[in-house]
Amino acid sequence: MYKINKLENSITKLVEKTFKELEFTERKHLQEWIAKNPSCLGEDLLIIQKEFDDFDGTKERFDLLALDKEGNLVIIENKLDDSGRDVTWQAVKYASYCSTFSKSDIERIYIEYIKDENYKEKLCDFFGVENYDDVKIENQQQRIILVAANFRKEVTSAVLWLINQGLYIQCFKVTPYEFNQECFLNIEQIIPIKEAQDYIIKMAKKEQEQNLINNSEKQRHIIRLNFWNKLLNKIKEENFELFSNIGPSKYNWIGAGSGFSFCQYDFVFNKDCVRIELYIDSKDKDKNKIIFDKLKENEKEINNTFENLIWERLDEKRACRIKFEKEYDSYDEANWNEMIDFMIENMKKFEIVMKPYIQKIKL
């Protein structure tokens with residue numbers, strides 16, 4: 001690794017060190033670095049426990065336990081300057097122990113770690129869903145991530161064989177450097193190479209779609225698709241242009257552009273209610289709050305035309321929304337005609353009311 005000197009248009013080699021030389025330890029340092037910034041391993045992970053040892057009949061423990069975006073448990077085992085010859089076997093054992101964990105087990109482990117009664121909201125945020133019922137913690141596949149400065153040949157050989165047998169396992173090489181009394185850390189995925197990992201993930205996803213999607217999720221998707229088809233057919237009959245080019249979805253929402261970047265009109269179909277909303281998300285939290293605040297300056301005038309709107313700035317989240325909703329037993333098809341009439345009628349009115357205020361926004 002080299003440091004770039006822009007003024008001199010040159011590079012200076014950084015001195016490669018060992019963790020031992022820098023007096024860094026596995027538990028106090030490497031483990032904490034990963035726990036505080038798990039995205040250093042190349043993806044969004046949610047750490048749910050450290051120094052995990054909650055196994056029946058054994059006192060063994062491993063370094064970190066996490067969830068990935070697919071709801072799989074990820075066992076993270078860290079070593080320092082040498083992986084050791086037994087790390088693969090240890091990690092496979094830990095994965096087997098974790099394979100029996102149910103969703104409630106994983107919830108309990110996470111609660112014990114974060115000690116926060118709002119754990120459901122945090123899980124919803126991580127998985128990008130609004131309803132806790134849609135949080136996907138299935139533990140159908142257990143993944144392994146090994147982290148070390150150097151991997152022995154017997155370890156890499158075993159890992160490659162396990163990958164060929166369908167086990168999702170990755171090796172990350174961590175190398176510390178020092179320059180002018182500053183320390184740097186390079187983290188590099190060495191097994192599998194990125195191209196191979198992408199292939200494995202695609203194959204795993206295909207397998208999951210075919211064999212591992214549970215019946216309740218399938219049923220929710222079917223219900224949503226049927227509802228959206230019925231709603232969109234009614235929209236075509238009424239020549240409602242805003243959603244005329246939108247297709248049905250297995251998710252609980254469908255959206256259409258407002259004509260202004262970052263503002264979208266959504267229909268939302270939840271198990272216990274339906275709603276219409278203006279959803280504000282520019283991927284920039286501060287910008288979203290500015291847009292919301294500009295609209296809210298006109299709240300009194302807007303509410304005179306459209307009563308009972310709910311203004312949600314959502315300060316703890318990135319996005320904001322303005323919504324109007326009504327409670328229903330949404331999965332009962334006997335309610336669908338009434339729900340659809342409610343959604344279309346109010347979305348038409350909502351668009352007309354909001355359009356001039358949206359057009360006035362200048363950033």
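**A salt bridge and its sheet**

Modeller: R321 and E312 join their side chains in a salt bridge, 2.5 Å from N to O. The term requires a side-chain nitrogen of Lys or Arg within 4 Å of a carboxyl oxygen of Asp or Glu. The model is predicted: local features need pLDDT of at least 70, side-chain atom pairs count only at pLDDT 80 or more, and totals for chains, interfaces and linings use all residues. Residues are numbered from 1 along each chain as its sequence is written, and side-chain values use heavy atoms, without hydrogens and water.

Both R321 and E312 are buried (under 20% relative accessible area; exposed is over 50%, partly exposed in between; 1.4 Å probe, protein chains only). The two belong to a salt-bridge network that also links E130, R275, E277, K323 and E325.

R321 in β14 is the bridge partner of Y279. Eight bridges join antiparallel strands β12 (residues 273–280) and β14 (residues 320–327). Strands are DSSP E runs of at least two residues; helices are H or I runs of at least four; both are numbered from the N terminus. Pairing takes at least two DSSP bridges.

The open, antiparallel sheet has five strands, ordered β10-β11-β12-β14-β13. β10 (253–257) and β13 (310–312) are the edges; each has a single partner strand, so one side of each lacks a neighbour in the sheet.

Helix α8 (residues 285–296) packs on this sheet and touches β11 (263–269), β12, β13 and β14. Contact means heavy atoms within 4.5 Å. The direction of α8 makes about 65 degrees with that of β14. Axes are lines fitted to C-alpha atoms, for helices over the stretch in contact; angles run from 0 to 180 degrees between N-to-C directions.
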